[in-house]
Amino acid sequence: MVAKAGPGPFRRVSRSLRIGGHATSLQLEAAFWDVLDAMAEREGLTTPKLLAALHAETAEHQGDVANFASALRTICLLYHRGAAPE
């Protein structure tokens, strides 16, 4: 399965954005960015706006967001499984 996918989905991609008025960058594998872009499109948002909303929601539920990249990977998995909350 991994060999059939090729290296593209595993490539690490950094994107710069603003979350809560703070400039930051996130590095995720390309496959996760693809899922986040699809989620944003489905919600009628840009990907940076979706990420800001997800960060705010994560902070609301967990307090401190110690590892946002890890949270995003989990969110992508849940979304892909169809278990993402509306």
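This is a predicted model: local features need pLDDT of at least 70, side-chain atom pairs count only at pLDDT 80 or more; totals for chains, interfaces and linings use all residues.

Colleague: How many salt bridges turn up in the whole structure?
Modeller: The search finds three.

Colleague: Which residues are linked in a network of salt bridges?
Modeller: Arg12, Glu29 and Arg73. Glu29 meets Arg12 at 2.6 Å, N to O, and the closest N and O atoms of Glu29 and Arg73 are 3.1 Å apart.

Colleague: Where do Glu29 and Arg73 lie?
Modeller: Glu29 is in strand S2 and Arg73 is in helix H4, so this pair ties together parts 44 residues apart in sequence.

Colleague: Is Glu29 buried or exposed?
Modeller: Buried, because its relative accessibility is 17% and the cut-off for buried is under 20%. Arg12 counts as partly exposed at 43%, and Arg73 counts as partly exposed at 23%.

Colleague: And what does Asp37 pair with?
Modeller: Arg15, in a salt bridge of 3.0 Å, N to O. Asp37 sits in helix H2 and Arg15 in strand S1, so the pair ties together parts that are 22 residues apart in sequence.

Colleague: Switching to the second largest pocket, what volume does it have?
Modeller: About 160 Å³.

Colleague: Which residues line that pocket?
Modeller: The lining is Ala31, Phe32, Asp34, Val35, Cys76, Leu77 and His80. By class, five are nonpolar, one is polar and one is charged.

Colleague: Which helix gives the most to that lining?
Modeller: H2, with four residues. Helix H2 (30-43) and helix H4 (68-81) each supply at least two.

Terms used:
Residues are numbered from 1 along each chain as its sequence is written. Side-chain values use heavy atoms; hydrogens and water are left out. On a 1 Å grid over the protein atoms alone, a cavity is a set of points where a 1.4 Å probe fits but cannot get out, and a pocket is an open set with protein on both sides within 12 Å along at least five of seven lines; lining residues have an atom within 4 Å of a point. Grid points are joined across faces, edges and corners, and a volume is the space filled by probe spheres set on the points. Ala, Val, Leu, Ile, Met, Phe, Trp, Tyr, Cys and Pro count as nonpolar, Asp, Glu, Lys and Arg as charged, and the others, Gly among them, as polar. A salt bridge is a side-chain nitrogen of Lys or Arg within 4 Å of a carboxyl oxygen of Asp or Glu. Buried means under 20% relative accessible area, exposed over 50%, partly exposed in between (1.4 Å probe, protein chains only).
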